[in-house]
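Please examine the following model together with its sequence.

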Amino acid sequence: QVQLVESGGGLVQPGGSLRVSCAASGIIFSFNAMGWYRQAPGKERDLVARISLRGSTNYADFVKSRFTISRDITKNTVYLEMNSLKPEDTAVYYCSADKLDGATVRRYWGQGTQVTVSS
């Protein structure tokens, strides 16, 4: 069973920065990919950033050049560094991990961490 625990959310002013972390119970190299999603009230959950097993990254257009996803394999942790935050970045941020389960890929989710951007 994969467990993902997010931390680091909170309240930040517009233009500020925040880093959220996702600690995985397993070795992150056992995952095909890990990612960050976000969900604002009344909206769907959207992909924010993703990092593959090989370390390649991709980002949603709305966070490009502002957010950076990274990982520390020694700590089995994935990070999302968020800069130049805007009020519209306010959402619950969820960590995800994709793991091969037989012939299919199963996606695991963390419990989420709230990020609020407000003055």
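Predicted model: local features only at pLDDT ≥ 70, side-chain atom pairs only at ≥ 80, totals over all residues.

Four strands form an open sheet in the order E1-E3-E8-E7, and their pairing is antiparallel. Strand E1 (4-7) and strand E7 (67-72) take the edge positions, each with a single partner strand, so one side of each has no neighbour in the sheet. From one strand to the next, the twist averages 15°. In general, strands of a sheet pair through backbone hydrogen bonds, in either a parallel or an antiparallel sense.

Further pairings involve strand E11 (residues 113-117). Strand E2 (residues 10-12) pairs with E11 in the parallel sense, over three bridges. E9 and E11, in contrast, run antiparallel and are joined by three bridges. In that pairing, the bridge partner of Tyr93 in E11 is Thr113.

How are the residues of E11 divided between its covered face and its uncovered one? Thr113, Val115 and Val117 make up the covered face, whereas Gln114 and Thr116 make up the uncovered one. This division can be read against a general rule: side chains in a regular strand alternate between the two faces of the sheet.

Which residues does the disulfide join? It connects Cys22 to Cys95, with an S to S distance of 2.0 Å. Cys22 belongs to strand E3 and Cys95 to strand E9 (residues 91-101), so the pair ties together parts that lie 73 residues apart in sequence. The count of disulfides comes to one. The torsion about the S-S bond of Cys22 and Cys95 is about -75°, and the disulfide is therefore left-handed.

The surface presents another aspect of the model. Ile27, Phe29, Leu53 and Ile73 make a nonpolar surface patch of about 380 Å². Among these residues, Ile27 is located in the loop between strand E3 (18-24) and strand E4 (33-39). Ile27 counts as exposed because its relative accessibility is 59%, where the class requires a value over 50%.

Conventions
Residues numbered from 1 in each chain as written. Heavy atoms only, no water. Patch = residues over 30% accessible without salt bridge, like charges linked within 9 Å, V, L, I, M, F, W, Y side chains within 5 Å. Areas by Shrake-Rupley, 256 points an atom, 1.4 Å probe, with all protein chains shown as cover. Salt bridge = Lys/Arg side-chain N within 4 Å of Asp/Glu carboxyl O. Helix = DSSP H or I, 4+ residues; strand = E, 2+ residues; numbered from the N terminus. Buried < 20%, exposed > 50% of the residue type's maximum accessible area, 1.4 Å probe, protein only. Disulfide = S-S within 2.5 Å. Pairing = 2+ DSSP bridges. Axes fitted to C-alpha atoms, helices over the stretch in contact; angles between N-to-C directions.
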